[in-house]
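Please consider the sequence and the three-dimensional model shown below.

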Amino acid sequence: MSRTLRIVLIIVGLLIVIVAVAPFLIPVNQFRSTIEEKASAALGRKVDVGNLSLSLFTGSIAADNLSIADDPKFSPSPFLTAKSVRVGVELIPLIFSKQMNITGITIESPEVTLIRDPHGEWNYSSFGASAAKSQASQEPTAKQPAPSPSGNSSSSGNEFSVEKLALNSGRINIGSTSSQKRSVYGHVDLTASNVSLTTQFPVTLSATLPGGGSLKLDGNAGPLDQQNTALTPVNAKLSISGLNLASTGLLEPSAGLGGLLDLNANMASQNGEAQLSGNAKLSRALLVAGGSPASTPVNLDFNTKYDLRKNAGILEPSTLKIGNAVAQLKGTFEVPVDSAVLHIKVDAQNMPAQDLEAFLPALGVHMPNGASLQGGTLNANLQLSGPTDKLVTTGHVGLFNAKLAGFDLGSKLSAVSSMLGVQTGKDLNIEKMSTDLHMAPTGLEAQNFDAVVPSLGSLVGGGTIDARNELDFKMAATLKNALGSGARGAASPGAGAGAVNTPAGGAAGAIGGLLGKVTGGAGGAVGGAGSAIGGVLSGCKNSAGNSGPTIPFQIKGTTKDPKFIPDVGGLAAGLLKSQLSCFGGGGQAKASPQQQPQNPNNPIDAIGGLFKKKKP
């Protein structure tokens with residue numbers, strides 16, 4: 001072996017020995033109080049670290065444990081805990097001068113708790129603010145250069161700066177002082193470079209969201225706000241993918257609401273005001289209990305301004321899209337401790353109705369089996385108000401010139417169609433359908449329902465769709481024409497020729513048949529009465545100005561399988577009311593029953609009395 005090679009091997013061996021022995025010769029634990037003191041001064045919180053050890057290979061000091069105290073106004077428990085932390089240092093000053101210059105801090109598997117009080121203040125609001133104020137007051141008038149990327153960052157004196165700050169595989173628990181419930185964000189990784197309390201620095205953050213999904217933030221933060229850390233300026237891109245809203249804590253799990261949110265936005269905050277603009281997509285939306293996830297997504301191009309001090313914001317005019325259907329949104333919102341509160345106006349005009357069909361299940365509305373919505377437009381003027389988990393939507397909705405293909409309303413009313421000649425065909429053409437809407441997580445209520453169906457006439461009424469998707473509607477259909485062949489065919493056997501020779505006679509014959517059903521066999525006699533009054537009914541019109549009767553009925557079942565149940569007694573009474581109202585009155589409106597007592601000598605009152613329910 002050559003002499004030169006032996007010298008090289010000896011030097012290498014000595015270096016290995018030095019690297020192995022030096023950590024035991026340098027009493028790094030003497031720096032523990034220094035690290036705790038400087039960290040506590042920089043953060044404004046008490047910092048405790050465990051036993052220290054030096055690694056010359058990595059050029060860092062490792063601590064067994066780390067604990068950072070919380071603001072005592074919020075919790076006696078630590079704000080941050082970690083089982084290990086590595087502090088990068090400059091080795092030469094440390095070994096020969098016992099001077100510790102920190103170049104980086106890496107915290108492994110930290111657990112952080114973020115808490116908000118009823119006034120909207122966070123427990124990190126005072127984090128490092130006093131140190132930032134102190135450093136800012138000590139800076140000379142001339143602008144100092146930013147920390148060098150070569151690793152010459154320092155932490156000497158009262159100044160705090162570090163080349164790299166990292167949190168790896170952490171967990172963040174978010175909640176409020178008024179509740180023990182916490183939302184957990186796992187696999188949190190944060191990296192910041194050239195960190196200083198008084199300058200702007202780049203930062204990236206990624207996390208796994210509750211219930212799945214991911215979050216990423218990439219941009220710049222700082223300088224640290226000297227009064228409130230939560231107001232520190234941030235300019236970054238925010239990306240959220242697959243956030244399950246039902247597991248965020250923003251929605252009450254028992255309400256059965258939810259959806260998957262994807263968001264891409266730019267955020268910028270300055271002087272306590274944040275602006276967020278971008279695009280959000282909500283897939284598999286479920287907005288009422290008893291509904292089903294929508295098969296088509298909702299896209300929102302939005303722009304918001306948010307006051308970080310007041311915890312309130314404005315939704316600037318924004319655009320919501322469902323397929324080719326477009327609506328305009330604007331309003332305000334507040335973000336108190338528990339959940340956001342919205343006050344949003346929705347203005348939608350001439351939206352293609354067919355594009356909305358796939359979204360209706362999210363509202364608890366399902367197309368009847370075998371039916372589909374074709375053509376037509378929908379207009380809506382709505383107001384969304386309340387907490388996100390108890391959101392209430394009110395307003396007016398109108399559907400125009402649409403077709404419900406594969407839905408035969410006449411067959412649904414088969415119990416009376418044979419008597420009254422209701423025939424609408426296999427498709428239901430809708431000229432107009434409008435209602436006042438009230439929608440809450442517990443269900444949907446429609447009031448002042450008004451529809452015009454060319455093949456039938458007009459329908460009015462109202463009702464509800466509850467959380468189990470069950471229908472409870474009370475309706476009335478006013479036929480556009482006098483009863484025709486169907487009514488003639490349904491005339492009572494006791495009805496005379498007059499009962500079928502005229503439209504009114506057809507109605508009278510139908511009345512006779514109905515009376516037979518209601519009175520249990522007296523239909524023939526009453527049918528004769530119908531025949532007798534057939535001439536009187538000739539030319540009479542109902543209150544809607546149409547020549548047909550008004551048919552009361554109920555809608556039960558579900559939106560997928562609605563059941564149309566005629567009120568037979570009410571139907572006959574309605575026929576009498578509409579077709580006989582001109583008896584002695586020329587078709588003019590009569591006083592209400594409360595205003596005008598029944599006259600037993602009046603044939604209308606006498607026959608109509610047959611249909612009144614007996615009081616027990």
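Helices here are DSSP runs of H or I with at least four residues, numbered from the N terminus. The model under discussion is a predicted one. With that convention, helix α2 covers residues 32-43, and the residue that follows α2 is Gly44, whose phi is positive, near 75 degrees.

Which residues of α2 are buried? They are Ile35, Glu36 and Ala42. Viewed down the helix axis, the buried residues fall within an arc of 135 degrees, and therefore they line one face of α2. The face turned away from this buried side carries the exposed residues Glu37 and Ala41.

Attention now moves to the strands later in the chain. Strand β16 comprises residues 298-307 and includes Thr304. Thr304 has a relative accessible area of 13%, and because the limit for a buried residue is under 20%, Thr304 is buried. Leaving aside residues up to four places away in sequence, Thr304 touches Ala274, Gln275, Leu276, Ile314, Leu315 and Phe333.

Strand β17, residues 312-322, contains Ser318. With a relative accessibility of 1%, Ser318 counts as buried. What does the side chain of Ser318 reach at 2.7 Å? It reaches the backbone oxygen of Glu316. The side chain of Ser318 also reaches the backbone nitrogen of Asn303, at 3.4 Å. When residues up to four places away in sequence are not counted, the residues that Ser318 touches are Leu300, Asp301, Phe302, Asn303, Ala327, Gln328 and Leu329.

The structure holds 5 aromatic pairs. In the pair of Tyr306 and Phe333, the ring centres are 6.0 Å apart and the planes stand at 0 degrees, so the pair is stacked. This pair links distant parts of the chain, since Tyr306 belongs to strand β16 and Phe333 to strand β18 (residues 325-334), 27 residues apart. Both partners are shielded by the same criterion of under 20%: Tyr306 is buried with a relative accessible area of 17%, and Phe333 counts as buried at 15% relative accessibility. Elsewhere, ring pairs link Phe407, Phe553 and Phe564 into a cluster.

What does Leu66 touch, not counting residues up to four places away in sequence? Its contacts are Val47, Asp48, Val49, Leu80, Thr81, Ala82, Val85 and Ile107.

Finally, the whole chain may be summarised. Its secondary structure comes to 13 helices and 28 strands. The chain has 616 residues, of which 44% count as buried. Among contacts with a separation of 6 or more, 54% are accounted for by residues 24 or more positions apart.

Key. Residues are numbered from 1 along each chain as its sequence is written. This is a predicted model: local features need pLDDT of at least 70, side-chain atom pairs count only at pLDDT 80 or more; totals for chains, interfaces and linings use all residues. Side-chain values use heavy atoms; hydrogens and water are left out. Helices (H or I, at least four residues) and strands (E, at least two) are DSSP runs, numbered from the N terminus. The expected span of a helix is 1.5 Å times one less than its number of residues. Buried means under 20% relative accessible area, exposed over 50%, partly exposed in between (1.4 Å probe, protein chains only). The arc is that of the directions from the helix axis to the C-beta atoms. A polar contact is a pair of N or O atoms within 3.5 Å; within protein, one must be able to donate a hydrogen and the other to accept it, and residues adjacent in sequence count only if both atoms are side-chain atoms. Contact means heavy atoms within 4.5 Å. Rings of Phe, Tyr and Trp (its six-membered ring) pair if their centres lie within 6.5 Å; planes under 30 degrees apart count as stacked, over 60 as edge-to-face and the rest as tilted.
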